[in-house]
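Student: I would like to go through this model with you. Can we take it one question at a time?

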Amino acid sequence: MLTAELLSVGSELLVGETVDTNAGQLARSLTDSGVDVRRITAVPDELTVVTEAFAAAVASCDLVVSTGGLGPTPDDLTREAIAALCGETPAVDAGLEGWLRDLWRRREMPFPEVNLKQAWLIPSASPLANPNGTAPGWFVERGDGRVVVALPGPPREMRPMWSQEVVPRLRSRLGRPTVATTLRLTGIGESMVADRLGSLLRRDANPLVATYARAEAVDIRISAVDQDGRLASELVAEAEAAVLAELGEHVWARGAHSWGDALGSELERLGWTLSVVEIGTGIAVGRLLGDRAWLRLDESLHPQAPAAIEHDDRDGLIAYARRAREVGGSDVGLAVRARPRRGDTAVSIAISSQHGDHRERRLVFLDGELGRSRSAIAAADVLLRRLRSIGGPATEPDPVHTDRDQPTETPAGDEATLEVRR
């Protein structure tokens, strides 16, 4: 099975009352198993629409997986749609009926006859156990070799049913396993990444190299399957080397690591803790880093606060970094000041540690909330580079260090703009 389509059934998905997280989980699982997910579709609780969606999916893919529509009420129509697709008539399964009635019997409650609908099966379907709810799933094997899987909508029911009931049944029939790695970049926009990688981004290639603009990074995902006697891991390693040769200076993490994870790793290596003072960021740095044991102090000042105005110069920001380190009783102090500038945001960053003081300035794309968030990312990038440059305990403090002018791009997708480090 090399292709799949996912159907999310439920009118609540189409009116914004419920966010569909199931499709993303299933798509990741299938992709990692070497299955190409061709389409994800949400459909309302209308029998004709649901039936047509199943028919279209079966006509184009090896595997169709649906979530939702397995409840006991008249608007739960997934079973009826699959039965119509297969030309079969659903009937109450004695085993499922006994299981359902026992659920109510154990609680000493009368059994609602409407729930008998959840005991339905068609001849080509086998039931999927649901220890977390009252809606068994269906595993339907068609005569043409295609498979239809119906799962309940609540994630607490869907996820264990998928991993424990469906995946073992499909394992020998799924596509070739995929090997993948993700590189996380900063200081460059998605459009510039695409321009520099060029033909590496061919959509029909194996390995496949793809870019994704995230709020905190530009991600490059490299994935491959075994091909022509070569292991997928070898193909991924070759493509990764090519990407790093072009963009390695922008890579700050791999996989799903966050800025807090990356900084925490370096602070742990050094045995250090961090304290932060933010001015004009709306505590964006604190939100980016999260609740961490190594973050001893994170104080935010309004730019018009008397204390902020009093130290409104370059030396003042260094003084704040030193003061953060002192008050927080930490090994490194970080001070960040953000100011709107002609539609963008100018951010000044100061770092103080036993290895001396360090200062940089950046210009990040947009102002307002987005500008403040990108200011926090710029500060995290400067701090991470500074920490990685420190190989061990300092014997003599370094002087105040200032980078030479160096243009880079913000991680703002196609809306990137130049930063300048000074």
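Student: In which loop is P207 found?

Tutor: This is a predicted model, in which local features need pLDDT of at least 70, side-chain atom pairs count only at pLDDT 80 or more, and totals for chains, interfaces and linings use all residues. Residues are numbered from 1 along each chain as its sequence is written, and side-chain values use heavy atoms, with hydrogens and water left out. Helices (H or I, at least four residues) and strands (E, at least two) are DSSP runs, numbered from the N terminus. P207 is found in the loop between α7 (190-197) and β10 (208-213).

Student: Is the peptide bond from N206 to P207 cis or trans, and what is omega?

Tutor: Most peptide bonds are trans. The bond from N206 to P207 is cis, with omega near 15°.

Student: Is E108 buried or exposed?

Tutor: E108 sits in the loop between α5 (94-106) and β5 (120-121). Its phi is positive, near 55°, and E108 is not a glycine. Buried means under 20% relative accessible area, exposed over 50%, and partly exposed in between (1.4 Å probe, protein chains only). The relative accessible area of E108 is 75%, so E108 is exposed.

Student: What is the phi of D228?

Tutor: D228 lies in the loop between β11 (218-224) and α8 (232-247). With a relative accessible area of 74%, D228 is exposed. D228 is not a glycine, yet its phi is positive, at about 50°.

Student: Which residues is I82 in contact with, leaving aside its neighbours within four places in sequence?

Tutor: I82 belongs to helix α4 (residues 78-86). I82 has a relative accessible area of 0%, so it is buried. Contact means heavy atoms within 4.5 Å. By that rule, the partners of I82 are F54, I122, W138, V140, V148 and A150.

Student: How far apart are the closest N and O atoms of R39 and E5?

Tutor: A salt bridge is a side-chain nitrogen of Lys or Arg within 4 Å of a carboxyl oxygen of Asp or Glu. R39 is partly exposed at 42% relative accessibility, while E5 is buried at 2%. R39 and E5 form a salt bridge, and their closest N and O atoms are 3.2 Å apart.

Student: Which residue forms a salt bridge with E240?

Tutor: E240 is buried, with a relative accessible area of 15%. The closest N and O atoms of the pair are 3.0 Å apart, and the partner of E240 is R254.

Student: How many salt bridges does the count come to?

Tutor: Some link up in a network, as R184, R214, E216 and D219 do. The count of salt bridges comes to 30.
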